[in-house]
Amino acid sequence: MNDQVEEKEEKNVEEAAPTPSEGKREKRRHAAPPKKRTVSTDPELEERVVAVNRCAKVVKGGRRFSFSALIIVGDRKGNVGFGLGKAKEVPEAIRKATHEAQKSMIKVAIDKGTIPHEVIGHYDAGRIIFKPAAEGTGVKAAGPCRSILELAGIKDVLTKSLRGNNPHNVVKATFDALKQLRSIEQVAQARGKDPKTLRIK
């Protein structure tokens with residue numbers, strides 16, 4: 001009789017104890033969902049497609065195509081960014097590039113519609129020089145460089161491509177130059193002086 005009671009108790013204990021797989025399932029149920037990184041879409045932002053490239057991969061059944069898109073995003077108020085997206089379809093590549101561009105936006109120093117001082121930007125084989133221009137000159141640039149300057153809000157500037165015409169290198173060289181720009185207020189703050197006593201050549 002006692003043996004039967006002990007057997008029943010052991011069975012109850014075994015039924016009450018959760019198996020390892022059940023314990024994992026309970027942890028998964030109570031685990032917090034992963035956070036998704038979202039990008040806010042600002043209606044003021046304007047985007048331009050700089051380049052769309054197609055890549056073909058030869059496989060046993062034929063060729064598989066994939067696309068890459070280079071996008072410029074800006075609000076014409078001193079904020080601009082670029083992004084590169086890759087996907088099997090062109091619209092999806094553009095969407096990825098737009099999100100990447102919105103995440104990598106920078107603030108550009110603008111002085112009365114032009115840049116504060118002369119600067120040279122370079123990246124790999126690309127090398128571009130930028131010079132301030134008088135009011136009414138316009139944006140003297142072409143290709144991706146012009147799109148970046150217009151979306152940044154620069155109205156008057158002189159540019160010259162010294163080397164390279166690859167759109168990826170031109171875009172990165174342009175952003176390298178824009179990151180080097182410093183306004184009079186920024187220079188004065190770094191030196192601890194009054195902005196009125198400084199003049200950028």
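**Figure 1. The Thr114 side chain contacts the backbone of Asp156.** In this predicted model, the side chain of Thr114 reaches the backbone oxygen of Asp156 at 2.6 Å. Thr114 sits in the loop that links strand S4 (106-107) to strand S5 (119-123). The residue counts as buried because its relative accessibility is 9%, under the 20% cut-off. Beyond neighbours within four places in sequence, Thr114 is in contact with Pro132, Ala133, Ile154, Asp156 and Val157.

**Figure 2. Helix H4 crosses helix H5.** H4 spans residues 144-152, and H5 spans residues 167-180. Their axes come within 9 Å. The crossing angle is roughly 35 degrees, and the crossing is right-handed. From H4, the contact draws on Pro144, Cys145, Ile148 and Leu149. From H5, the partners are Pro167, Val170, Val171, Thr174, Phe175 and Leu178. Nine residues of this contact are nonpolar, one is polar and none is charged.

**Figure 3. Helix H4 is mostly covered.** Eight of the nine residues in H4 are buried. They are Pro144, Cys145, Ser147, Ile148, Leu149, Glu150, Leu151 and Ala152. Among them, Pro144, Cys145, Ile148 and Leu149 also meet H5. The buried set includes Glu150 and Ser147. Just after the helix, Gly153 takes a positive phi of about 100 degrees.

Figure 4. Cys145 is one of the H4 residues in the contact with H5. A disulfide is a covalent bond between the sulfur atoms of two cysteines. The count of disulfides in the model is zero, with a cut-off of 2.5 Å between cysteine sulfur atoms.

**Figure 5. Asp194 follows helix H6.** Asp194 lies in the segment after H6 (184-191). Its relative accessible area is 41%, so Asp194 is partly exposed. Asp194 and Ile184 are 10 residues apart in sequence. In space, their C-alpha atoms are 9.5 Å apart.

Methods:
Residues are numbered from 1 along each chain as its sequence is written. This is a predicted model: local features need pLDDT of at least 70, side-chain atom pairs count only at pLDDT 80 or more; totals for chains, interfaces and linings use all residues. Side-chain values use heavy atoms; hydrogens and water are left out. Axes are lines fitted to C-alpha atoms, for helices over the stretch in contact, and angles run from 0 to 180 degrees between N-to-C directions. Helices (H or I, at least four residues) and strands (E, at least two) are DSSP runs, numbered from the N terminus. A crossing is left-handed if the near helix is turned anticlockwise from the far one by less than a right angle, and right-handed if clockwise. Contact means heavy atoms within 4.5 Å. Ala, Val, Leu, Ile, Met, Phe, Trp, Tyr, Cys and Pro count as nonpolar, Asp, Glu, Lys and Arg as charged, and the others, Gly among them, as polar. Buried means under 20% relative accessible area, exposed over 50%, partly exposed in between (1.4 Å probe, protein chains only). A polar contact is a pair of N or O atoms within 3.5 Å; within protein, one must be able to donate a hydrogen and the other to accept it, and residues adjacent in sequence count only if both atoms are side-chain atoms.
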